[in-house]
Structures are given as structure tokens and as C-alpha cells.
Amino acid sequence: MNNKLVLLILILPILFTCCVNSIGDNEDLIADTVTSANNLEISQESMEELISNVSSPIEIASLLRNEKVPFDRACIASTDNIDNMISDFDCAINIGILGADLGYLNIYEKTSSVMSTVSGINKLSNKLKVGQFFNFSLLKRLATSSKTLDSLIYTSILSFNNMEAYLRSTDRTNISALMITGVWVESTSLATMVYKEKPNKKIAERIGEQKLILNNLVIIIDNYKSDDRFEELATDLHELKNIFNEVEITTVEGEPETVVENGMLVIHQTSESTVHITDDQIDLIALKISILREKLINNSISS
Amino acid sequence: MIRFISIIIFLLFSTSFASSQCNQSLVTSCSAKVSSSAMFMQQYRAKLEAQGEDKDLPLARFSVLLNKGNTYKFDVCSANDSEGEAILQLYDGGKLVASTFHNASQNNFKAFEFFCRKSAIYKIQISFIEGKPGCAVGILSMKK
């Protein structure tokens with residue numbers, strides 16, 4: 001009896017530790033370079049790498065604010081059609097679109113308008129069964145004050161990152177791909193709408209630089225072309241790519257300069273890129289992206 | 001005998017709590033380094049095994065699009081229980097552009113600022129000094 005008791009006492013903590021560790025493993029850091037094979041023409045690892053290359057929606061919004069472009073509510077996507085979105089395709093694309101709008105609203109500190117967009121994201125993410133990544137009550141609380149703006153931005157981005165990582169880990173990279181496409185379409189649309197009202201060299205360059213992202217986006221979406229809706233989206237993106245192919249980006253290479261300033265390591269890059277883009281090209285891009293955006297928001301890419 | 005069992009139980013629990021350092025709390029604590037003059041943009045997580053004999057240095061690799069005209073900051077935080085100390089490096093193609101490890105001083109800084117003048121897709125690489133096993137988080141932020 002004593003021996004059995006001793007054995008039990010020894011085994012119990014081991015079992016408990018296993019459970020704690022397995023719970024911890026779910027929270028434990030998983031390197032984002034997870035590789036797993038699937039039936040895609042491009043490897044899972046390459047897909048994940050391509051997906052991570054889409055720039056953050058707050059960068060374009062931040063540029064607009066720094067260039068003193070006034071906030072324009074007309075640039076935000078309507079959430080009127082959210083309840084009509086049923087398919088994973090529509091929900092995922094529009095999470096991306098609303099995610100970009102959320103970045104725009106956050107940067108311009110339009111905290112009172114954030115809730116409508118967050119609510120839309122919440123509905124769509126629940127339909128996709130990824131709603132657990134958005135702490136709606138926390139976001140609502142943070143959105144009530146401009147003093148918690150940094151926390152709101154941080155929480156919003158982290159929520160998207162964690163959701164996206166989850167989708168990749170559960171072999172739903174196609175959903176992830178649609179989300180980042182939505183982000184890109186909305187961010188580019190925002191930049192072109194603003195440029196129309198207030199032409200600005202830096203904004204023009206940023207529009208031209210979208211070429212870098214689009215090249216990867218096309219590869220990503222092409223990979224899922226066996227699905228009719230992806231095929232139609234791919235066709236639209238290729239048409240945009242044909243326009244962007246005429247945009248030239250030249251680079252002068254140089255060696256980076258590293259200094260220590262006030263205890264901080266600072267790297268000054270001497271390589272420099274220059275975007276050569278015309279107003280006609282921007283007009284064409286603006287038109288194409290506007291048409292595509294309307295199709296995606298009104299879920300009129302046919303199934 | 002009971003004392004022996006108690007020690008075993010204590011050690012087992014200690015191990016499980018120590019390993020819990022390598023989790024979301026590391027992301028949270030590292031993100032706190034983002035100053036009020038910057039915006040959090042992305043997190044990069046790396047958990048690597050020790051470098052095996054005659055094997056390449058284990059690396060965690062990521063890609064990121066950085067835009068001309070922006071000043072970025074990269075912070076790297078090693079977990080408390082990480083045996084290895086993390087180094088974060090930034091590559092443009094195959095060229096090393098920036099590293100937390102400063103060759104001139106042989107110091108491994110915890111962060112660097114990067115004044116970007118070339119819009120491109122860069123590679124981020126996290127490794128651990130001397131190929132030791134480790135857990136770390138890299139945080140990318142952008143100056144407002």
C-alpha cells in the first residue's frame with residue numbers, strides 16, 4: 001500500500017506537468033517558420049513567407065497623416081452588406097478590407113467610428129470561426145479614449161496577427177491569403193482616392209511601390225485558381241499587375257552606415273529606391289482598384 | 001523518502017513554471033519597449049534548438065516589406081529561461097544591412113533603429129549566440 005501510494009505521488013506531478021506543458025505549448029512561442037507540406041504548387045513555407053510580405057495597413061494611413069491629408073470618411077468601406085456575407089471567401093476578403101479601414105481610423109484617432117468597423121470584423125470573424133482572436137469588449141474599451149490609442153493599435157494588430165497565424169497552422173492559408181488581399185486592395189484604394197483629391201509625390205511613390213506587394217499577391221492567389229472565385233480574383237489582379245508592370249522602380253545601392261547614438265544602435269541606409277510613376281498610370285490603377293473593391297465589398301465576384 | 005518525493009515534485013513543478021517564460025507574456029513584455037513615439041507593427045517569434053555538431057546555425061527567418069522614408073525600430077528580447085542570447089539581423093537580398101550585434105564594439109544590443117531609404121522586401125533573421133538553444137521575440141515598430 002505504501003509503495004502504491006509512493007508511486008501515485010510520483011506519477012501525479014508528471015501527469016500534471018505534461019498537461020501544464022501541453023497547455024503551455026498552445027501558448028508557447030511557435031516559430032513562424034513552421035513548415036508543412038500540402039497540395040499547393042508552392043510550398044506552405046513559401047506561401048507563409050509571401051503572405052507575411054504584405055505591408056501593414058497602418059503604414060499608408062500613417063503616411064497620409066504625416067502628409068497632412070485630412071481624414072475622409074468616404075474612403076471607409078460600408079459595412080451595410082456584412083450580414084449578406086456568407087461564404088468564407090466574402091468574409092475573409094472583407095475582414096481584410098475592414099482591417100485596413102481600422103488602421104486608417106486608428107491612425108487618425110477616429111475612435112468614435114472604430115466600433116462600427118470592429119463590429120463588422122467581429123461578425124465576419126465569427127462566421128469564419130476565428131472570432132476568438134478579437135476581444136471585442138477590450139477593443140470597445142480602448143476605442144473610447146484617444147489616450148489608449150497606442151494600446152488599441154497594438155491590440156488590433158496583435159489580434160490580426162494571431163488570427164492569421166492560427167489560420168496558417170490549421171491549413172487555412174487560403175483564408176489568410178484572402179484577408180491580406182482585402183487589406184492590400186483597401187490600402188491601395190485609400191491611397192489612390194487621396195491622391196485624386198490631393199496629388200502628392202510621396203503618396204504617388206507609395207502607390208507605385210504597391211507593385212512590390214502585388215507581384216507576391218498574384219503568386220499567392222494564382223495558387224488557389226482551381227477555385228472559381230479565386231480564379232476571377234486572380235484575373236483582376238493580373239490586370240492590375242499589367243498596369244503596374246509599366247511602373248519603374250530604380251535602385252542605387254550603397255553600404256549601410258552603423259553608428260551608436262545615445263546608446264542606441266542606428267543604421268542609416270545609403271541604398272535608395274526611386275519610383276517612376278505617371279499620373280496616367282495612377283488614374284488607371286485608381287480605376288481598376290475601385291472596380292475590384294466594389295466587387296469585393298458587394299460580394300459580386302460570382303461563385 | 002517523503003523528503004525525496006517532495007524534492008522531486010518541487011523540481012517538476014519548477015521546470016514547468018520556468019518553461020512558461022517562453023509564451024505570449026514575452027511578446028507583451030517586449031512590445032512594451034515600443035516607445036510612445038512609435039507604433040507597434042509586427043512580432044517575430046523564434047524558438048530554436050541547440051546547434052548540432054557539424055550542423056548549420058539554427059535560424060528563424062521572416063520576411064517584411066519596409067518602405068522608403070520610414071524609420072523602423074527592431075527590438076529583440078530573449079526569454080528569461082533562454083539559454084542563448086538572441087541576435088536579430090536584417091538582410092536586403094543576401095546583404096546584411098543591420099544587426100543587433102555590433103561588430104566594432106562586439107556588443108549585442110537589444111535593438112536598432114533603421115532609417116529606410118529603399119522600399120523592398122527584407123529578410124529578418126533571429127539566431128542565438130554560439131548556437132545555443134533559445135527562445136526570443138523580435139518586435140518591429142515604426143516611428144510616427
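Which residue in S9(B) is the bridge partner of B:Arg61? In this predicted model, the bridge partner of B:Arg61 is B:Gln125.

**The four-stranded sheet of chain B**

Strand S2 of chain B and strand S9 (residues 120–128) of chain B are antiparallel and share seven bridges. Both strands belong to an open sheet of four strands in the order S2-S9-S4-S5, with antiparallel pairing. S2 (60–66) and S5 (95–99) of chain B are the edge strands, and each pairs on one side only. On average, neighbouring strands in this sheet are turned by 30° against each other, direction ignored. Strands of a sheet are held in pairs by backbone hydrogen bonds, and the pairing may be parallel or antiparallel.

Is B:Val97 buried or exposed? B:Val97 has 22 other C-beta atoms within 10 Å, and a residue counts as buried at 20 or more, so B:Val97 is buried. Apart from neighbours within four places in sequence, B:Val97 is in contact with A:Pro256, A:Ile267 and A:Gln269 of chain A, and with B:Leu90, B:Tyr91 and B:Asp92 of chain B. Between the C-alpha atoms of B:Val97 and B:Phe114 the separation is 9.1 Å, and these residues are 17 residues apart along the chain.

**The six-stranded sheet of chains A and B**

A second open sheet has six strands in the order S2(A)-S3(A)-S8(B)-S3(B)-S10(B)-S1(B), and its pairing is mixed. S2 (257–261) of chain A and S1 (38–48) of chain B stand at the edges; each has a single partner strand, so one side of each has no neighbour in the sheet.

B:Gly138 in S10(B) stands opposite B:Tyr44 and is the bridge partner of B:Val76. Why is S10(B) largely enclosed by the rest of the structure? Nine of the ten residues of S10(B) are buried, and therefore the strand is largely enclosed.

**A strand pair in chain A**

Strand S1 (residues 248–252) of chain A and S4(A) run antiparallel and are joined by five bridges. In this pair, A:Thr250 stands opposite A:Thr274. S4 (residues 272–276) of chain A has A:Ser273 and A:Val275 on a covered face, while A:Glu272, A:Thr274 and A:His276 lie on an uncovered one.

| Strand pair | Bridges |
|---|---|
| S2(B) and S9(B) | seven bridges |
| S1(A) and S4(A) | five bridges |

**Two helices of chain A**

The axes of helix H3 (residues 57–66) and helix H8 (residues 173–197) of chain A come within 9 Å and cross at roughly 10°. Because of this angle, H3(A) is roughly parallel to H8(A). The crossing is left-handed. A:Pro57, A:Ile60 and A:Leu64 in H3(A) meet A:Val183, A:Ser187, A:Leu190, A:Ala191 and A:Val194 in H8(A). Of the residues in this contact, seven are nonpolar, one is polar and none is charged.

Terms used:
Residues numbered from 1 in each chain as written. Chains lettered and ligands numbered in written order. Predicted model: local features only at pLDDT ≥ 70, side-chain atom pairs only at ≥ 80, totals over all residues. Axes fitted to C-alpha atoms, helices over the stretch in contact; angles between N-to-C directions. Parallel < 35°, antiparallel > 145°, perpendicular 65-115°, else oblique. Left-handed = near helix turned anticlockwise from the far one by under 90°. Contact = placed C-beta atoms within 7 Å. Nonpolar A, V, L, I, M, F, W, Y, C, P; charged D, E, K, R; others polar. Pairing = 2+ DSSP bridges. Buried ≥ 20, exposed ≤ 12 C-beta atoms within 10 Å, placed from the backbone.
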